[in-house]
Structure formats: C-alpha cells, structure tokens
Amino acid sequence: MARFVYADNAATTPVSREVIEAMMPCFESEWGNPSSPHSMGISAKDMLDDARERIAAVLGCTAGEIYFTSCGTESDNWAIRGAAMRMKAKGRTHIVTSKIEHHAVLHTCKALEKEGFEVSYVGVDEYGVVDLDELRSLVTEKTALVAIMFANNEIGTIEPIEEIVEIAHAKGALMFTDAVQAVGNVDIDLSKLRVDMLALSGHKLHAPKGIGLLFIRKGIVINNLIEGGGQEKRKRGGTENLPYIVGLARALELAKENMKYLPEVARKRDRLISALTKIPYSSLNGHPTKRLPGLVNIGFEFIEGESMLLWLDMKGICASTGSACSSASLDASHVLLAIGVPHEKAHGSLRLSISKDTTDEDIDYIIENVAPIVEKLRNMSPLWEDVVKKETANK
Amino acid sequence: MKYSEKVMDHFTNPRNVGEIENADGVGVVGNAKCGDIMKMYLKIDENDVITDCKFKTFGCGAAIATSSMATELVKGHTVSEALSLTNSAVVEALDGLPAIKVHCSVLAEEAIKSAVADYYNKIGRPIDFDYDPDHDDDHDHHVDED
C-alpha cells in the first residue's frame with residue numbers, strides 16, 4: 001500500500017505543533033519590538049529574555065552566551081570570519097578545518113584564504129572521523145581557529161569533539177563547532193564541553209527556517225558580521241525575530257525531552273542499515289557506531305542517486321543523495337570523496353534521515369521499495385551490464 | 001527541480017532499453033566521474049536505415065529520459081537523418097529540461113553520433129562529422145546543500 005514517508009530530516013524537519021502554538025502569541029498580540037521602551041516593547045523584551053534563558057538551560061550555558069542569528073549558515077560565517085578577524089590582530093592568521101565540513105564553513109574558509117588567511121583542511125579516515133594525529137600536526141601558535149563539525153550532515157559520523165577542543169586549546173587557538181546536525185541528536189552540555197563557539201539551526205529540530213544561534217563562551221570576543229542597532233549586546237544587528245526565537249526555545253526544550261526516544265530511532269536506523277546493505281554491491285557510508293541516531297547513508301554501485309530519488313518520491317518516500325546529479329549541484333559529494341569513496345560510487349549514494357516520528361511500518365516500507373528500485377536501475381545501467389557479463393564468465 | 005511530464009514518462013517507462021546482439025554500431029559516451037554514461041546500440045540495414053536502436057544508461061532522470069527519447073527519434077530513420085539529430089531537438093521533444101540538465105541531451109546526441117561512428121568504422125566509411133565521445137563539457141558547478 002502506498003504511504004508517505006519523510007526520510008529527509010537532515011535536510012529539514014516539519015515545524016511541530018507545540019512550536020507553532022508557542023509562536024502564535026508573537027504574531028497575534030506580542031508583536032512589539034523588544035527595543036521599544038513602551039509597554040509593547042517591554043513585554044516583547046520579557047519574552048525574548050525568557051526564551052534566551054530557557055535555551056541556555058537546555059544547552060548548559062548562560063543566557064549571555066547565546067546570540068540569535070538568521071540560520072546555521074550565518075552562525076558558521078560569523079563564528080569563522082569573526083574569530084579570524086579578531087585573532088589576526090594577535091598575529092594568528094591560520095585556520096584549521098576539516099575536508100568534510102558543510103559548505104557554509106568550507107566556503108567561508110575559502111573566502112578567507114583569498115583575503116590572506118592560511119587554511120589547512122584536516123583529513124578524515126574511511127568512516128569520516130577526523131585524523132587527530134594530523135590535526136595535532138596542523139595546529140600551531142599561528143592558528144586562530146579550529147572549526148570542525150560536531151556531526152556530519154551527509155554520512156552522520158560524530159566527531160571526537162572533546163579531543164579536538166584539547167588539541168586547539170593546547171596551542172591557544174579557538175575552537176568552533178557546527179552542531180547543526182548534532183543538536184537534539186546527541187547530548188550536548190556546554191558546561192562540560194569546552195568549545196568556544198557552537199552553531200545550531202532551528203529548522204533541523206522542528207522550529208521554522210530562518211532562525212539559528214551562535215553560542216559564544218563568556219570571555220571570547222569575535223568581530224561582528226552584521227552591524228546594526230544595539231541588538232544582541234551590539235554583536236548582531238537587526239530587530240530580533242521574536243516569534244522564531246520563541247519557537248526555537250520551545251523546539252530545543254522538546255528536543256531535550258525527546259532525547260529519550262533516540263535509542264528507538266537508532267534501532268530503526270540499524271534495521272535500515274542491516275536490510276539495505278544486504279543488497280549486493282552496497283555498503284554503509286560513515287561510521288558503523290559513532291553516527292547520528294537517525295542517519296543512514298548507503299552507497300549502491302552502478303546506479304545514480306537522483307534516479308533513485310525520483311523513483312522513491314513516486315513511491316511516497318522523500319530521501320537525499322550525494323550524487324552530482326541531485327538538485328543544483330553537479331559535483332559528487334565532497335564528503336564521500338574525502339572518505340575515499342570513488343566518484344562513480346559517490347553518485348549512487350542514498351541518504352535516509354529518520355526521526356522519532358518514523359514508524360517501524362515506515363522502515364518496512366522503505367526496505368520493501370529500495371531493492372526493486374536499485375534492481376530496476378541496474379538493469380538499465382551499462383556498468384551493471386559489465387558486472388553481469390564478468391560474473392557469467394567466471395561461472 | 002521539476003521535470004516535465006514527458007521527461008517523467010520517459011524516465012519511468014523508458015523506450016528501447018537493452019542491448020542488441022551483433023549490433024552494427026555501438027557508442028559509449030560520458031564518464032562515471034560526471035555521473036552519466038550512455039551506451040547506444042544501432043541495427044542498420046543495407047539502405048542505411050536504423051531498424052533498431054537500444055540503450056543502457058547510468059545516470060540521472062534526465063540522462064535516462066534523453067536516452068530514451070533519442071532512440072525514439074532515430075529509430076526508423078536513415079543514418080544521415082540520425083546524424084542531424086541535435087540535442088535541442090531532444091530537449092524539445094521532451095517538453096524542455098531544467099537548465100542544468102541540458103548537458104544530458106548533449107550526451108544523448110553524442111551517443112548516437114558515437115554509435116554511427118562505430119558503424120562507419122566497421123564498414124570502412126570515413127567519419128565526416130564531428131563528435132566528442134568523452135563529452136568533457138563544462139558543467140556549471142553549483143552547490144545546493146542542507
């Protein structure tokens with residue numbers, strides 16, 4: 001029977017009912033500007049302060065360390081550029097990042113290279129785990145910032161952030177982590193994890209698109225990215241997006257409450273992995289255990305990902321791929337190439353990202369549908385034809 | 001990105017998928033690095049008419065649909081008519097392609113030409129047309145990520 005299964009939660013998530021309800025007063029009655037000194041402004045400011053306090057409580061930091069932004073990409077840009085510009089004055093003009101970062105990080109680093117900064121891109125192993133020995137050799141007294149993601153958005157590998165923080169701090173460099181995929185999926189307590197900056201995005205955890213934040217630890221100063229009025233302690237101009245900030249606060253509280261479901265999500269993820277890797281010439285991309293609880297990435301040889309997505313979509317399944325031919329990108333995934341997946345195999349990758357709302361019936365439905373689609377596409381692939389001929393010849 | 005109904009029709013029900021044993025001309029274009037490879041098989045009679053045409057394609061929806069449409073457009077036609085098939089004719093027959101997928105139609109055109117070139121080689125006819133079997137065109141390298 002046809003179903004609708006949304007298995008692309010790493011791309012974006014639906015806004016939850018509770019989040020919408022939490023935001024509604026900000027549209028209907030509490031629409032004031034938090035900077036206004038009158039009653040409308042004062043009550044808006046109260047809501048803003050309350051949201052910030054609640055977010056700080058979830059993340060294990062203080063309200064003063066939370067800076068609201070428009071999205072994860074802005075947080076990434078600000079953290080890296082702001083730190084680079086600040087540390088330049090101290091003679092630190094080197095940045096270390098990894099080869100598997102999100103483009104928001106990689107392209108910011110590329111832009112800084114053009115502006116005279118030196119950037120090192122640390123490699124990863126076959127599972128996508130950052131090479132800590134190489135990292136140790138790259139970080140020096142000239143390093144301003146180490147920017148490494150908490151968990152990878154394509155293959156789901158969780159990085160050894162605590163060790164990375166130590167390596168950065170040993171040389172006096174700042175440590176920033178893009179935790180856009182990790183927040184809500186991994187227990188993050190900023191009172192224990194000593195990162196200097198952390199970025200997160202609302203729409204990956206059931207808040208709307210258009211809201212993110214940057215955590216900047218007390219005592220760390222970075223340059224501004226967006227100048228404006230005195231909002232966010234003069235660090236990020238622009239009238240605060242109160243409805244979405246309130247929504248983000250609710251979404252983060254719910255994400256924390258819902259962490260109890262993560263073992264169940266991981267069990268369903270492992271069902272997908274075990275069933276889909278039984279298809280001949282397929283393999284798991286990313287780390288077998290140190291991975292996001294809802295993220296599956298399987299490489300199917302001899303077929304191309306967009307074709308798979310089109311067929312899955314016709315069956316009511318929304319998924320993603322690292323193929324060059326997907327969406328507007330015509331490059332194979334830089335993440336898959338960095339873990340050593342050859343080009344032709346990178347084109348046949350399928351990413352499924354489930355949530356606590358994905359049922360076992362949904363998992364069954366995905367499993368039932370993937371194998372026939374892979375077979376159908378292989379039967380029209382000239383690469384598969386060669387494999388079949390070779391296999392017949394060997395018999 | 002949205003495909004036309006025609007493209008989706010040719011993607012879901014591709015015409016002429018398969019191989020031709022003892023084909024008179026076989027052409028392979030594209031490469032796995034770019035994510036598309038097309039293999040075209042032609043059966044040609046003594047009057048230079050393409051009596052059968054089949055394909056196998058590794059690639060995206062547009063690559064499969066353009067291959068399918070190209071086989072439809074050359075089947076039953078003469079070799080010289082097949083050589084005059086342009087990528088824009090394939091695009092038009094499919095009611096258009098998204099701009100970043102137009103290179104797939106170029107690949108389909110090249111696949112036909114490459115199969116005809118193979119036929120010419122087999123029968124000892126000089127190749128009097130241009131084709132690019134490697135299809136190293138410059139893709140627009142956009143980025144669209146989560």
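Trainee: Which residues lie nearest the centre of the second largest pocket?
Mentor: One thing before that: this is a predicted model. The residues nearest the centre of that pocket are A:Gly184, A:Asn185, A:Lys204, A:His206 and A:Ser355. The lining has 30 residues.

Trainee: How much space lies in the second largest pocket?
Mentor: About 510 Å³.

Trainee: And what classes of residue make up the lining of the second largest pocket?
Mentor: There are 15 nonpolar, eleven polar and four charged residues.

Trainee: Which helices supply at least two residues of that pocket lining?
Mentor: Helix 8 (242-257) and helix 9 (262-276), both of chain A. Helix 8 of chain A gives the largest share, three residues.

Trainee: What about domains? How is chain A divided?
Mentor: Into domain 1 (5-13 + 260-394) and domain 2 (17-257). Domain 1 is written as two stretches of the chain, 5-13 and 260-394. Each domain gives at least three residues to the lining of the second largest pocket.

Trainee: How far apart do the domains of chain A lie?
Mentor: Their C-alpha centres are 30 Å apart. The domains are in contact, though: 23 residues of domain 1 with 30 residues of domain 2.

Trainee: Switching to cavities. How many of 30 Å³ or more does a search of the whole structure find?
Mentor: Two. The largest cavity holds about 110 Å³ of space.

Trainee: Which residues line the largest cavity?
Mentor: The lining is A:Val58, A:Leu59, A:Val183, A:Gly184, A:Val186, A:Asp187, A:Ile188, A:Leu252, A:Ala255, A:Lys256 and A:Met259. Helix 2 (39-59) and helix 8 of chain A are the elements that give two or more residues. Helix 8 gives the most, with three.

Trainee: How does the lining of the largest cavity split by class?
Mentor: Eight nonpolar, one polar and two charged residues.

Trainee: And which residues line the second largest cavity?
Mentor: From chain A, A:Ile303, A:Glu304, A:Ser307, A:Leu377 and A:Met380. From chain B, B:Thr57, B:Phe58, B:Gly59 and B:Ile64. By class, five are nonpolar, three polar and one charged. The space in there is about 40 Å³.

Trainee: OK, cores. Which residues touch the most other members of the largest nonpolar core?
Mentor: A:Phe300, A:Leu350, A:Leu352 and A:Val370, in a core of 69 residues. Helix 5 (residues 102-123) of chain B gives the most to this core, with ten residues. A second, separate core has 68 residues, including A:Met23, A:Cys26, A:Val195 and A:Leu205.

Trainee: Take A:Leu350. What does A:Leu350 touch, leaving out residues up to four places away in sequence?
Mentor: A:Leu350 touches A:Val296, A:Asn297, A:Ile298, A:Phe300, A:Met308, A:Leu309, A:Leu312, A:Ala319, A:Ser320 and A:Val370.

Trainee: On to chain B. Which residues of helix 1 (residues 5-12) of chain B are buried?
Mentor: B:Val7, B:Met8, B:His10, B:Phe11 and B:Thr12. They pack against helix 10 (305-314) and helix 13 (360-379) of chain A, together with helix 2 (61-74) of chain B.

Trainee: Is B:Asn87 buried or exposed?
Mentor: B:Asn87 counts as buried because its relative accessibility is 18%, and the cut-off for buried is under 20%. B:Asn87 sits in helix 4 (residues 87-93) of chain B. Leaving out residues up to four places away in sequence, B:Asn87 touches B:Val102, B:Ser105, B:Val106 and B:Glu109.

Trainee: Where is B:Asn16 found?
Mentor: In the loop between helix 1 and strand 1 (25-31) of chain B. B:Asn16 has a positive phi of about 60°. B:Asn16 is buried, with a relative accessible area of 13%.

Key. Residues are numbered from 1 along each chain as its sequence is written. Chains are lettered from A and ligands numbered from 1 in the order in which they are written. This is a predicted model: local features need pLDDT of at least 70, side-chain atom pairs count only at pLDDT 80 or more; totals for chains, interfaces and linings use all residues. Side-chain values use heavy atoms; hydrogens and water are left out. On a 1 Å grid over the protein atoms alone, a cavity is a set of points where a 1.4 Å probe fits but cannot get out, and a pocket is an open set with protein on both sides within 12 Å along at least five of seven lines; lining residues have an atom within 4 Å of a point. Grid points are joined across faces, edges and corners, and a volume is the space filled by probe spheres set on the points. Helices (H or I, at least four residues) and strands (E, at least two) are DSSP runs, numbered from the N terminus. Ala, Val, Leu, Ile, Met, Phe, Trp, Tyr, Cys and Pro count as nonpolar, Asp, Glu, Lys and Arg as charged, and the others, Gly among them, as polar. Domain bounds come from an automatic or database domain assignment. A nonpolar core is a set of buried Ala, Val, Leu, Ile, Met, Phe, Trp, Tyr and Cys residues joined through side-chain atoms within 4.5 Å. Buried means under 20% relative accessible area, exposed over 50%, partly exposed in between (1.4 Å probe, protein chains only). Contact means heavy atoms within 4.5 Å.
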